[in-house]
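Let's take a walk through this protein together, one piece at a time. Have the sequence and the 3D view ready as you read.

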Amino acid sequence: MIDFGYNINADRQIDYDRNDRRLARYILEHEPTFRICISCGTCTATCSAGNFTYLNLREMIVLIKRGEAKNIKSDIEKCMLCGKCQLACPRGVNTRNIILTINRAIERLDF
C-alpha cells in the first residue's frame, strides 16, 4: 500500500438506530425527569466526587441518551450519592434517582 503521509479518520457520526438504547429506555420508564435534562453541566460542576475522580454526570447522561454507555459501570461506582447535583440542577432533574436507576439497569440489562 502506498503511504501518502496521512490517515483517514474513523467515522464519527452517531448512529441512533444501531446503538443499544435499552439503558436510556429503562431509565425513562423509571425516572421521567431524565427526559428534561438539557445537559447543561451544572451537576458536573458541583459534583463532590468529580473533584477527586473523573466523574462526569453530564457526559454519562449524554452517552446514555446516545446509546453509547458500554463502560458506564466503572464511572457510576464513583458517585457518593451526596445529592449536590440534584440541588443545583436548574431543571429539577432527579439525578440521585437516575444514578440509582442506572445501577439497577446495569444489573438487570447486563451492561
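Start with helix α3, which covers residues 57–66 and in which L57, M60, I61, V62 and I64 are buried. Here "buried" means under 20% relative accessible area, "exposed" over 50%, and "partly exposed" in between, with a 1.4 Å probe and protein chains only. Helices are DSSP runs of H or I with at least four residues, numbered from the N terminus. This is a predicted model, in which local features need pLDDT of at least 70 and side-chain atom pairs count only at pLDDT 80 or more, while totals for chains, interfaces and linings use all residues. Residues are numbered from 1 along each chain as its sequence is written, and side-chain values use heavy atoms, leaving out hydrogens and water.

What do the buried residues of α3 pack against? Their partners are α1, α2 (42–45), α4 (72–76), α5 (84–88) and α6 (95–109).

Now look at the ends of α3. Just after the helix, G67 has a positive phi of about 85°.

Next, find L28 in helix α1. L28 is partly exposed, because its relative accessible area is 28%. Leaving aside residues up to four places away in sequence, L28 touches F34 and R35, where contact means heavy atoms within 4.5 Å.

Finally, visit I2, in the segment before α1 (22–30). I2 is exposed, because its relative accessible area is 62%.

How values were computed
Helices (H or I, at least four residues) and strands (E, at least two) are DSSP runs, numbered from the N terminus.
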